[in-house]
Every structure is written in C-alpha cells, then in structure tokens.
Amino acid sequence: MLKCTYVLPSLPPPGKLETEAVLRAAGRAHRRLAEVKGRATAIPNQGILIDTLSLQEARASSEIENIITTQEEMFHAAIFPEGTDYGAAKEVARYRDALRRGWDLMSEQQWLLSNNTIIEIFQVLKRTVGGFRETPGTALKNDITGEVVYVPPQDRNEIIARMTQLERFLNEDTVGDLDPLVKMAIAHHQFESIHPFPDGNGRVGRIINVLYLARVELLHVPILYLSRFITAHKADYYRLLQLVRDEGAWEEWILYMLRAVEETSAETLRLIDGIGRLMAQYKDRIRTQHPKIYSQDLLNNLFRHPYTRIDYLAKETGKVRQTASKYLEELAEAGVLKKRTSGKHVFFVNEPLVALFVSSNNEKGSYP
C-alpha cells in the first residue's frame with residue numbers, strides 16, 4: 001500500500017499562523033467582503049445572485065480541473081440539462097447544483113457544514129451514491145510528467161478521523177481562536193491534503209470555501225467568485241499547496257488565499273453593480289414601453305436566468321404558458337431579449353447580462 005508522504009497536522013496547525021503580514025492581508029480581505037455582503041442586499045431577489053454567480057463560479061472551478069466550456073454552452077446546459085451534447089457544460093451545471101444542495105442543507109441544519117453535507121455535495125457533483133474513499137492506491141501526479149507529487153492518507157479509518165477533525169474545526173468557532181479567513185485557508189489545505197473522495201476533491205473543496213464564508217456570516221449568500229482567481233494563478237495554487245507539505249510554509253499559502261478573497265471580492269462587487277445597473281435599465285424600459293406585462297417577477301426571471309424559457313417564466317410569474325410565451329415574444333420583438341432556438345426548443349437570451357459575464361471572464365487578476 002502507498003504510504004502518505006505528508007504528516008497531516010492537528011487543527012489548527014502548530015506555530016504562528018497569524019503573522020503581521022497575514023493580519024494586514026486579512027484586514028483588506030475583510031473590508032472587501034463586507035462590501036460584497038452589503039452591496040448584495042441591493043439586488044431585490046437573492047436567488048438572482050445565487051443562480052447567476054454560482055454558474056460563473058462553477059465554470060471557473062471546473063476549468064481548474066481542465067473541464068473547459070464556453071458561456072453559451074454553460075447556459076445552454078443549464079436550461080436543457082438532458083438535451084445537450086456538451087459534456088463539460090453538464091459537469092459545470094452539476095457543480096452549480098452541488099453548491100445549491102450544500103447551501104440548502106446548511107440552511108436546514110442550523111448553518112453547520114457537516115461531513116454528511118460534504119458527502120452530498122460530492123454525490124451531486126459526481127452523480128454517485130458513494131462517499132469517502134474505501135480503496136487504497138490514490139496518488140496525485142503531475143499532469144505533464146506523470147510524476148507522483150503527493151500521496152494522501154490511504155486508510156479509510158484515517159480519512160474518516162481526519163474529516164471528523166476537520167468538521168469540528170469548520171463548525172466550532174472557538175477552535176484555535178483564529179480569524180475566520182485564516183481558518184478557511186487552513187481548512188482548504190487540510191481538505192485537499194486528506195483528499196477524501198475518489199474524484200472531484202478540488203471542486204468540492206472550493207464549494208466548502210464559499211459555504212464556510214456564509215456559515216460564519218461573512219456573506220449572506222454563497223456568491224464569492226473565488227475560483228476565478230485560482231484559475232488565473234493555478235500554478236501558484238498547486239505550488240503553494242505542496243510547499244506547505246514540504247516546508248510548512250503556511251504564511252505563503254494563507255497570504256495567497258487571502259489575496260484570492262480580496263481580489264475576487266472586488267470582481268464580485270463589479271458583477272453585482274453591473275447586474276444592478278442592468279436591472280434598473282430593464283425595469284425602466286419594460287415599465288415604460290411594456291407596462292401591461294411588467295412585473296417584478298418578470299424582471300427577476302430575466303436576470304435569474306440569462307437564458308430563459310417559457311415554462312420558467314410561467315412558473316415564476318404564476319402565468320399560464322400561453323401568456324408567458326406572449327410576454328417573451330413581445331420583449332424579443334422589441335429587442336429587449338434575443339429569441340433563439342435549439343432543435344424544437346425555443347429560448348430567450350438576456351444578451352447584455354451574458355456580455356457582462358463574458359467581460360468579467362476576459363479580465364485577469366493581478367497576483368504577482
């Protein structure tokens with residue numbers, strides 16, 4: 001049996017973790033997060049942010065694992081999950097579903113992030129009924145050279161024991177008495193080093209990050225677009241993960257994660273503000289030019305689903321299908337939406353909203 005090449009530490013790890021540099025970086029990250037939390041309340045329906053931004057997070061997080069899809073493929077798969085040929089886009093849509101499932105379970109369980117919740121996240125993501133690894137033999141290899149770079153714990157009992165310890169660390173706020181952002185960075189490293197599942201550990205770990213931020217009330221809803229930063233700086237992400245295992249370099253790792261929170265908070269603010277401006281423009285245009293069909297539910301639908309369908313609008317507005325179809329056709333004829341077809345299916349696109357996400361994904365972070 002393979003032998004684990006890194007002695008996983010107790011939680012919190014020994015040594016000075018909150019150095020002066022870490023505390024300064026944590027302060028900057030907290031200020032940005034507080035802006036995100038406050039600004040998000042300006043959007044009238046929080047489901048708009050959860051659904052749209054979670055898809056962007058899903059796309060970026062999946063890209064880290066070399067699951068690549070376009071915005072069009074992703075939104076298409078989101079509205080036609082059983083009728084698309086885009087395998088990568090289906091994977092991205094499942095990430096969104098796994099994040100939503102984790103959020104729903106936390107809300108039902110007094111905002112605890114339990115191992116049972118983490119296992120369900122994995123099951124939704126991978127469409128399986130399995131759980132923690134049972135069979136030894138897992139080793140992480142360099143994608144290019146094939147060289148083994150890390151061997152995680154092999155024994156199932158050790159995996160369960162380590163995950164139980166991690167569960168306590170995530171849910172008992174007095175454990176270690178650390179800044180919650182520092183705890184998030186440590187917990188993420190520990191989860192990735194335990195590597196508890198046969199597959200999908202990176203994506204599950206990144207879902208845990210944003211759910212944890214919501215659990216400790218640094219966010220109202222899980223909307224931080226954190227994987228975008230990691231995608232842009234993937235080499236540093238893997239290098240610093242391993243540097244902790246090889247040299248105990250916790251400060252460098254924590255600073256990286258704090259920078260990720262700070263920069264992606266700034267980008268999330270830009271997206272929230274952009275969504276808010278577009279919603280105001282659409283509200284004014286539809287109320288002025290189409291007063292007979294305007295409602296807040298209609299507006300919410302056009303922003304909750306950048307690609308929307310007649311049955312979506314009917315369900316969310318309480319209108320019969322024929323009326324919902326009439327509303328969407330009227331908006332398409334006026335140029336508010338773009339009508340498109342996919343086989344026998346008809347759908348409608350909020351093109352300015354999609355363009356906002358495309359422009360966001362074309363920008364690069366500034367991590368040195």
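A charge sits over a ring if NZ of Lys or CZ of Arg is within 6 Å of the ring centre and within 35 degrees of the ring normal. Keep that in mind for the first close-up of this predicted model, in which local features need pLDDT of at least 70, side-chain atom pairs count only at pLDDT 80 or more, and totals for chains, interfaces and linings use all residues. Residues are numbered from 1 along each chain as its sequence is written, and side-chain values use heavy atoms, with hydrogens and water left out.

**View 1. Charges over rings.** R245 lies over the face of Y150, at 3.9 Å from the ring centre. Look also for K183, whose charged end sits over the ring of F169, 4.6 Å from the centre of that ring.

**View 2. Helix α1 meets helix α7.** Helices here are DSSP runs of H or I with at least four residues, numbered from the N terminus. The axes (lines fitted to C-alpha atoms over the stretch in contact, with angles from 0 to 180 degrees between N-to-C directions) of α1 (residues 20-40) and α7 (residues 180-194) come within 9 Å and cross at roughly 105°. The two helices are therefore roughly perpendicular, a term for angles of 65 to 115 degrees. On the α1 side, V22, A26, A29, H30 and L33 make the contact, and on the α7 side P180, L181 and V182 do; contact means heavy atoms within 4.5 Å.

**View 3. A tilted pair of rings.** Rings of Phe, Tyr and Trp (its six-membered ring) pair if their centres lie within 6.5 Å; planes under 30 degrees apart count as stacked, over 60 as edge-to-face and the rest as tilted. The structure holds twelve aromatic pairs. In one of them, F191 and F197 have ring centres 6.4 Å apart and planes at 55°, so this pair is tilted. F191 is buried at 2% relative accessible area, and F197 is buried at 0%; buried means under 20%, using a 1.4 Å probe and protein chains only.

View 4. F229 and Y256 pair edge-to-face, with 5.3 Å from centre to centre and 65° between the planes. F229 lies in helix α9 (residues 227-232) and Y256 in helix α11 (residues 250-289), so the pair ties together parts that are 27 residues apart in sequence. Both F229 and Y256 are buried. Together with Y237, Y238 and W253, they form one aromatic cluster.

**View 5. Around T117.** You can find T117 in helix α5 (residues 115-126). T117 counts as buried, at 0% relative accessibility. Leaving aside residues up to four places away in sequence, T117 touches G102, L105 and Q109.

Conventions. Angles under 35 degrees count as roughly parallel, over 145 as roughly antiparallel, 65 to 115 as roughly perpendicular and the rest as oblique. Buried means under 20% relative accessible area, exposed over 50%, partly exposed in between (1.4 Å probe, protein chains only).
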